[in-house]
Amino acid sequence: MAAKQYKAIGEEAWKNNVEKVNAELFIFTYGSLVVQLVKDFEDYGAVNKQLDKMGYNIGVRLIDDILARTGIDKCADFHTTAEVVAKVGFRVFLNIAPAIANWSADAKEFSLILEDNPLNDFCELPPKAVQEGLWYSNVLCGVIRGALEMMQMQTEVWFVHDVLRGDDVSEIRVKLVKILDEEVPVGDE
Amino acid sequence: MSTTYYFAIVGTNDSPLYEAEFGAHQDESKYLNQFILHAALDLVDDAQFMTNACYLKTVDRYNDWNVSAYVTPSNTRLMLLHENKMEETIRSFFVDAHELYLKTMLNPFYEPNTPIQSQTFDSKINGLAKKYLL
């Protein structure tokens, strides 16, 4: 019941409440951003880190935006949080709804399975980038981390699989580290 | 009848971006192939201003070989060395190869005018050759 409700909220917001931008413009902008980072840092690990940082800064801002648009209440538990991230967050900003899978036993870790990642369109990683571990869409991890941190959840988010590296699906792993105390101010990076 | 084809993509500064041989391979002819194509580039330059079409049909002949060319709007040249005449098939081959080349250009990791090293591109071009030429 609840899951369905979030799905509806996400789709409703996507249809009526979001200003859309041309997908190719967005994809190419992101593509050239990543490539420029690769050129500047010359180290794929550093690029991953930088993308995550950028995502974090996006996430801490986007979360307010999405809450204002959709009027979602506080999530009761981490399961609900996962639902909202997948069904509302991804739907509103990327028009995809990743599946939630692989819950850990203590319910503090889950995976988002992205069957279709719009950022990947047109992109093909050079073999060197695959070998040295570039996560092309790592910005998404940062976005999730930033958004959840604003909701007092400290998380670790990382890519486990990526279609661009030859895997069948893209998988993002989200792990709840701890619930932050309300009064702790969250600093910008 | 065994025929061979030699396909090359030539960048805007006349440097080769990609080359492939289809059909029965003849190793000793490889340099000759490159030589013939390179010689034909001047004729492509002449021919491309005679028409509005991308496909220039056969631009040059060398012994039994025909050289067909296709010029993309960005002045990248797709060249094919072949023995038999079959304009329409080669046109379709070029059009599809052009599309594959475009997809490569759209990849943010590909620098224009550098050699194309993508495995996917290579296997897809070979697929096209099987479909149209062999």
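**Note on the predicted model of chains A and B**

1. In the hairpin that S4(B) and S5(B) form, where five residues lie between the strands, B:Asn75 adopts a positive phi near 70°. This is a predicted model, and B:Asn75 is not a glycine although its phi is positive. That deserves a remark, since most residues other than glycine have a negative phi. B:Asn75 belongs to the loop between S4 and strand S5 (77-82) of chain B, and it is classed as exposed because 12 other C-beta atoms lie within 10 Å, where the class takes in residues with 12 or fewer.

2. A second residue of chain B shows a positive phi, namely B:Asn63, with a value near 50° in a residue other than glycine. B:Asn63 sits in the loop between strand S3 (55-62) and strand S4 (65-71) of chain B, and it counts as exposed because it has 7 C-beta neighbours inside 10 Å.

3. What are the pairing partners of S5(B)? Strand S1 (residues 4-10) of chain B pairs with S5(B) in the antiparallel sense over five bridges, and B:Ala8 has B:Met79 as its bridge partner in S5(B). S4(B) is joined to S5(B) by six bridges, again with the strands running antiparallel, and here B:Ser68 stands opposite B:Leu80.

4. Turning to chain A, its secondary structure comes to six helices and four strands, which follow one another along the sequence in the pattern α-α-α-α-β-β-α-α-β-β. The radius of gyration of chain A is 16 Å, in agreement with the value near 16 Å that a compact globule of 189 residues would have, and the C-alpha trace spans about 45 × 35 × 30 Å along its principal axes. Of the 189 residues, 35% count as buried, and among contacts with a separation of 6 or more, 64% involve residues 24 or more positions apart.

5. Helix H3 (residues 44-70) of chain A has 27 residues, and at 1.5 Å a residue it should span 39 Å, with which the 37 Å between its end C-alpha atoms agrees.

6. Which residues of H3(A) are buried? They are A:Tyr44, A:Val47, A:Asn48, A:Gln50, A:Leu51, A:Asp52, A:Gly55, A:Tyr56, A:Gly59, A:Val60 and A:Ile66. An α-helix has 3.6 residues a turn, so residues three or four places apart point the same way. The buried residues of H3(A) pack against helix H2 (23-41), helix H4 (78-94), helix H5 (127-131) and helix H6 (139-150) of chain A.

7. In helix H4 of chain A, A:Ala82 counts as buried because it has 23 C-beta neighbours inside 10 Å, the class requiring 20 or more. Apart from its neighbours within four places in sequence, A:Ala82 is in contact with A:Ile100 and A:Phe110. A:Arg61 is 21 residues away from A:Ala82 along the chain, and their C-alpha atoms are separated by 19 Å.

8. A:Ile100 has A:Leu112 as its bridge partner in S2(A), and strand S1 (residues 99-101) is joined to strand S2 (residues 109-114) by three bridges in an antiparallel arrangement. S2(A) is also joined to strand S4 (residues 170-179) of chain A by six bridges, likewise antiparallel, with A:Ser111 standing opposite A:Arg173.

9. On confidence, chain A averages a pLDDT of 89, with 94% of its residues scoring at least 70, and chain B has a mean of 89, with 96% of its residues at 70 or more. Among the elements of chain A, helix H1 (residues 2-16) has the lowest mean pLDDT, 80, whereas H6(A) has the highest, 95. Where pLDDT is low, the predicted coordinates should not be read in detail. The model as a whole scores ipTM 0.77 and pTM 0.84.

Conventions: Residues are numbered from 1 along each chain as its sequence is written. Chains are lettered from A and ligands numbered from 1 in the order in which they are written. This is a predicted model: local features need pLDDT of at least 70, side-chain atom pairs count only at pLDDT 80 or more; totals for chains, interfaces and linings use all residues. Helices (H or I, at least four residues) and strands (E, at least two) are DSSP runs, numbered from the N terminus. The expected span of a helix is 1.5 Å times one less than its number of residues. Two residues are in contact if their C-beta atoms, placed from the backbone, lie within 7 Å. Two strands pair if DSSP finds at least two bridges between them. pLDDT is the predictor's confidence in each residue, from 0 to 100. The radius of gyration is taken over C-alpha atoms; the globule rule is 2.2 Å times the number of residues to the power 0.38.
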